[in-house]
Structure formats: C-alpha cells, structure tokens
Amino acid sequence: MIRINLLGIPKAKRGKRPSAPSVGGEGPSTTMLVLVFVLVLGGLLWGWYTFVDHQREQLRTDLQREQAENQKLADVKRKYEAAKAKADQFEQRYKVIDQLKNSQTGPVDLLNMVADTVNKTDAVWLEAMTDDGRSIDFTGMALSPDAVANLMANLEKTGKFKSVEFKETTQDSSVKELQAFKFELICEKPASNVPAAPSTPSAPGAAPAQKKT
C-alpha cells in the first residue's frame with residue numbers, strides 16, 4: 001500500500017526520541033544550597049561546642065586549683081590557731097608562775113627587812129610576827145622603853161608601813177638579872193600592799209637578835 005504525505009512534513013525516524021530542552025545558566029540547585037547550609041551550620045555548632053567544652057574544662061581546672069589552695073590556707077590557719085593557743089597557754093602559765101614567785105618573795109622580803117631592822121636596833125629581841133593581811137603584829141623584848149621607841153622609828157623609816165603603834169608594853173619580871181620589857185607593836189600596811197585575802201606567815205623563831213654594844 002502506498003502512503004502519500006500531503007502536509008509536506010518529514011516523518012520522524014523510528015528509534016529516536018526528541019531530546020528534552022536543557023536548562024543552562026540558572027546556577028546551583030536548591031538541594032545543593034541546603035546541603036551547603038547544613039554543613040556550615042554543623043561546623044559552627046561543632047566549633048561552638050568545642051569552645052564551650054574547653055571553657056568548662058578550664059573552669060573545672062581553676063576550681064580544683066582554688067579548692068586545693070583553700071585547703072592549704074585552712075591547714076595553715078589551723079596550725080596558726082594551734083600555735084597561738086599553745087603560746088597563750090605558756091603565757092598564762094608564766095603569769096601564774098610569776099604571781100606565785102611574787103607571793104612567795106613578798107613575805108621573804110618582809111622577813112628579811114624586819115630582821116635587818118631589828119639587828120640595827122640595840123637592846124631589842126623579836127619573838128613573833130603575825131600578819132593578818134591589813135597589819136603586822138610584832139612581839140618581843142627590849143631592855144628599855146627607849147629601845148622600843150628606836151625600833152618603832154626604824155620600822156617607820158623602812159617606808160613599808162603606814163603607821164607603827166604601841167599595842168602593849170609591860171615589864172618582864174621573869175628576867176631578874178636585867179630590866180626587860182615585853183612589847184607588842186601594830187604596824188599597819190599601806191592600802192596598796194593589803195592583799196585580797198589575809199594571810200598569816202609563820203612567825204620567826206624566838207632566837208634573840210644579836211645585841212650591839
């Protein structure tokens with residue numbers, strides 16, 4: 001059968017399809033842009049996470065160092081307080097010992113002063129001394145009233161007593177060879193030398209002081 005093409009359009013050959021029109025000069029596709037954005041965003045987030053993690057580690061290291069330093073300072077403070085407490089204890093002990101020494105040397109100095117005063121006074125023997133805290137009572141023997149007066153004057157010259165007064169004086173008839181007088185003196189202490197509680201030191205022996213000629 002013979003076919004005649006009256007339109008004059010050449011018939012397409014079999015086996016070939018018309019090619020699709022190409023798109024040229026329009027730039028990268030949307031998928032490529034999204035992929036690039038995701039990669040850039042991921043890089044930024046990773047960089048930020050790395051920076052924050054580094055800062056956190058740095059802060060942790062600084063915190064550990066500060067804690068160690070605080071521990072050292074606490075140890076130093078504890079040692080200082082212990083040393084200070086020990087020093088305070090030693091100082092308190094020293095004060096107590098010093099007070100005890102002063103309280104011990106006070107009567108000793110007084111006894112030495114009285115003994116020295118009696119030795120410097122002629123015709124006087126001291127038999128006993130009693131300290132009631134406010135005053136000191138002396139009892140003894142003398143060969144004359146003038147000797148007692150001299151003893152009172154010598155005691156006043158020491159400056160250790162506020163006043164020196166007679167309490168009693170009588171003639172001792174038991175001594176027949178000599179004219180002897182028993183006397184008792186009251187020596188009042190100055191207000192600054194009066195202790196809080198009265199004390200009575202042991203009286204000296206009845207041995208007479210050496211008589212001067």
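**Rings, core and hairpin**

Colleague: Hi! What does W46 count as, buried or exposed?

Modeller: The relative accessibility of W46 is 60%. Buried means under 20% relative accessible area, exposed over 50% and partly exposed in between, with a 1.4 Å probe and protein chains only. W46 therefore counts as exposed.

Colleague: Good to know. What kind of structure is behind these values?

Modeller: Residues are numbered from 1 along each chain as its sequence is written, and side-chain values use heavy atoms, leaving out hydrogens and water. Local features need pLDDT of at least 70, side-chain atom pairs count only at pLDDT 80 or more, and totals for chains, interfaces and linings use all residues, as this is a predicted model.

Colleague: Thanks! Which kind of aromatic pair do W46 and Y49 form?

Modeller: Rings of Phe, Tyr and Trp (its six-membered ring) pair if their centres lie within 6.5 Å; planes under 30 degrees apart are stacked, over 60 edge-to-face, the rest tilted. W46 and Y49 are 3 residues apart in helix α1, so about one helical turn separates them. Helices (H or I, at least four residues) and strands (E, at least two) are DSSP runs numbered from the N terminus. At 6.0 Å centre to centre and 35° between the planes, the W46 and Y49 pair is tilted.

Colleague: And how are the rings of F138 and F161 arranged?

Modeller: F138 sits in strand β2 and F161 in the loop between α2 and β3, 23 residues apart. Both are buried. Their ring centres are 6.3 Å apart with the planes at 90°, so the pair is edge-to-face.

Colleague: Nice. Which residue in β2 is the bridge partner of L126?

Modeller: Strands pair if DSSP finds at least two bridges between them. β1 and β2 run antiparallel, joined by 7 bridges, and form a hairpin with 3 residues between them. In β2, L126 has as its bridge partner G140.

Colleague: Last one: what is the phi of A123 near?

Modeller: Most residues other than glycine have a negative phi. A123 lies in the loop between α1 and β1 and is buried, with a relative accessible area of 12%. Its phi is positive, near 60°.
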